[in-house]
Every structure is written in C-alpha cells, then in structure tokens.
Amino acid sequence: MRLLTHNMLSSNIKGVTNGFPLRIEVEKVVEKSVDFNPDFLKNMFAKIEYKALVEASRIMGYAELPDHAEPSMLESDDFLRKFHHALMELHLEEGTLVCPETGRRFPVNKGVPNMLLHEDEV
Amino acid sequence: MLQILSTKQLSTRFIHTGARILNKKEMAVRQASLGGVDVDLETKTNVEKLKRGIAEFYDESSGIWEDIWGDHMHHGFYDPNSTVSLSDHRAAQVRMIEEALKFASVPEDPMKKPKSIVDVGCGIGGSSQYLARKYGTECTGITLSPVQAERARALAAAQGLENKVSFEVADALNQPFPDGKFDLVWSMESGEHMPEKAKFVNELARVAAPGARIIIVTWCHRNLSSSEQSLNPDEKKLLDKICDAYYLPTWCSTDDYVKLLQPLSLQDIKAADWSEYVAPFWPAVIRSALTWKGITSLILSGWKTIKGAMVMPLMMKGYKKGLIKFAIITCRKPE
C-alpha cells in the first residue's frame, strides 16, 4: 500500500465522526522505484491531505518532506522529488492501519489493506 | 417504500388481475433486498454468509477464469446477431467498457476527464487497469476476495501500472473512503452481488465527487408491469438456482435501480437494456468450459466453480425468456 492509497482510506465504523487519517503501524516497508511524473504529482497535490501524508511518511521512515507545503513549492524540483518519493515510492507491505477514534485495527498483508468491517461495526 | 399487506388485503386487491400474491415472508425478503427497511438479525447473518460465499467463490474461481478469459471478468459487447469467434471476445470486453463510458458521457477532455476512479467490485483489476491507462490517472479497486486483490496487484505491477492502480479488500456496502472522493464511480457486473441495493447505491453516490459519473452495469430481472408485485413462480425458481451457484442475493429490476437513484439528488439518470448486445457471451463461455483445458481446469478448481459452470445454461435460458436483463444505469452527481 503506498501513501497515495493511505491518503484516501478512512474508517467508516458506525458512530465514528472522523476516521481519517488511519494511523500506520509498520512491520515491513519496501521502497519501490516509480517513474517521476511532475504533471501527475501536481494534479495529485490538490487532491491529497498533505498533513496526513507528512505524518505517514515519517512513520514509514522518511523524514525529508517539509511540514507544510504551498502549491508554489510544486515548481521546485527538489520538493517535487521528495513529494514523489513519499507519495509513490514508500510501500507498506506488512503492517496495520488503526482507526483514530476506535483503535480498531485493519491489517495490511502483501501490500493489500483489508478494510472489511464486522457485523456490529456497520 | 412497499407496504407489507396482509394476505387477505392482497387477495382482495389482486384477485381480479390474477397476479401472483406474495406472502408476508416473500414481501419482507424483497423489501430487505432493496434495503429500504432495517434488516433483522436473521437477514444480517445471511448477509455475512453471502459475503463469505462471494469471497470464497472468487478466491476459488478467479484463477481458472483468468486462465481462459483473461483479466476482464465481464460480458463482451457485440453487434446484435453477429457470429463471433473466441478471439473476438477480449475486444468485445474492452468494447463493453468503452460503450459504458460513452453511455454515461464521461468527458475525455483533459480538463474535465476523471482524475480519480473507484472500481467497485474490481475482480482481478481488468477495468481498473484499463481506466487508469485510458485517463492517465489513478484508480483504486475494492473486492471482498483477498485472492483477487493480491492477483490484481500482481497483474497491475506486471503491466507497469503499480503506481496508478491500487486494490483493497473492502465491502461495497461500506466503502472505506471519505465522502466525495472519486470523479468516476465504476461498478461493472458487481451490483448483482450486493444484498442491500439501496445501501449499495447510496455508497456509490456518497463516494462520488461533485460532477462525478456513476456507472452501474449489472444483471437485473425484467421490469414488472404495473399489475405485478413480483415475478411468477417459474421465473423465481430459475433465478433461485442461479443465485445459489453464483452467490447472488435476490435480484431486482432495472426500474428498481432507477427508483433507488431518484431520491439522491443525482442528475441525468439513464438506463438501458443491453441484453441483445451480450447474447453471444454465455454460449461462448459454455464452449470454453467444454474444451479440454476448460474441463481439466474445472475439475482441479473446486466444487464452487464447477457448480457455477453447471448453471451457465440457466443464464442462457433466463436471457432467452426475457427474464434476465443485462442493464446499464448511469447518472451524474451535481457540481
């Protein structure tokens, strides 16, 4: 699961008012090289929750992404590459996503999150 | 919302039309399947059983399907009354995607085309890959089957699309996404698995962003006439056999889908019957199952898959009788 995906997942357990972002518990992170595509990144920047990405990337072991970002920073190649690395190249292969309100744990196995809810959670 | 009438009230109302009277239990099942009422504990347990059945069915049979048919697990779109050979089917499956996008008027203009896509009931990711490539953007797929999700991931990676498509094990009735996330909400032949149609449709609408298109391509039963409360017993018997083998809950009609979409403030609700465009599909699937490769694969795959294969002629029968319809329903969320 890369952080672009993590940035769109939320916990929709019954009664939860804010299930985003899910807290990450790392067991295995893999770095995968992905083609650098500035246009794609610029499009994505508008759609993602940047703060959640920064927090998540730190947990995944990458501390280079600045705490805050403005759209103007997309013109900087240096920032774009850091953004690219955090968003696209860090993969959680094994670990857990944790609901910020209930503490409910959603496993991630072989890079695939399992977000199925139990009967009493819907 | 349908009212549960007593048998006496129903017999008074319908005795002259000769339409079949549903008993209380059947009415409750029909209502529950549309999802318009709170479901009781028995229904909830059945839903859990159904979801497990669906996951296991696809865990078991995805491999053999992929082996013979490739990564698109949906009908092909054919010119009516055409004769097709086995090699035409993949192109027909791709055409099905394109025709559905066209029907929904999904924009191709670089400024207006979808920038985020969800594939609800993604199988092994055939549609996800195609859509991500077509629009040059990211797509995420959800499936109840962990085997499918993992296979989808591997296939996408093999095509160099790992950075554009992702897959999660998740429930279409409780999608793990915040509201308004996706510009294109895609459900290609997964609707027939959804036990609570209202909830399914509500979730599709919830995760759709302003201006997004929602596309549902699914198996329905024929629309009921105004004097009918349900299908006739023979029709129900045929569908029940199919439901059992394919892990399908009670079917609904295309009209039912339209009625469920109407209260959700969606625009341009369109529906069509595409049954004539998919006619060559089931005969082709049956033929492929009867090849040497088909038979040996079935024997090796497991009982659920074999049962599914045995029921294929019933699908053909259902289409021929005008009972089963291949439907497309699309709409747009307002800006």
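The quantity pLDDT is the predictor's confidence in each residue, on a scale from 0 to 100. In this predicted model, chain B has a mean pLDDT of 86, with 88% of its residues reaching 70 or more. Where pLDDT is low, the predicted coordinates should not be read in detail. For the model as a whole, the scores are ipTM 0.92 and pTM 0.87.

In chain A, four strands form an open sheet in the order β1-β2-β3-β4, with antiparallel pairing, and its edges are β1 (23-31) and β4 (112-113), each of which pairs on one side only. Within this sheet, β2 (residues 90-98) and β3 (residues 105-109) of chain A are joined by 4 bridges in the antiparallel sense, and A:Leu97 has A:Phe106 of β3(A) as its bridge partner. Helix α4 (residues 77-89) of chain A packs on the sheet, where it touches β1 and β2 of chain A, and its direction makes about 60° with that of β2(A).

In chain B, the axes of helix α3 (residues 41-69) and helix α6 (residues 146-158) come within 8 Å and cross at roughly 35°, and the crossing is right-handed. From α3(B), the contact is made by B:Tyr58, B:Asp59, B:Ser62 and B:Glu66, while α6(B) contributes B:Pro146, B:Val147, B:Gln148, B:Arg151 and B:Leu155. Sorted by class, the residues in this contact of α3(B) with α6(B) are 4 nonpolar, 2 polar and 3 charged.

Terms used
Residues are numbered from 1 along each chain as its sequence is written. Chains are lettered from A and ligands numbered from 1 in the order in which they are written. This is a predicted model: local features need pLDDT of at least 70, side-chain atom pairs count only at pLDDT 80 or more; totals for chains, interfaces and linings use all residues. Side-chain values use heavy atoms; hydrogens and water are left out. Axes are lines fitted to C-alpha atoms, for helices over the stretch in contact, and angles run from 0 to 180 degrees between N-to-C directions. Helices (H or I, at least four residues) and strands (E, at least two) are DSSP runs, numbered from the N terminus. A crossing is left-handed if the near helix is turned anticlockwise from the far one by less than a right angle, and right-handed if clockwise. Contact means heavy atoms within 4.5 Å. Ala, Val, Leu, Ile, Met, Phe, Trp, Tyr, Cys and Pro count as nonpolar, Asp, Glu, Lys and Arg as charged, and the others, Gly among them, as polar. Two strands pair if DSSP finds at least two bridges between them.
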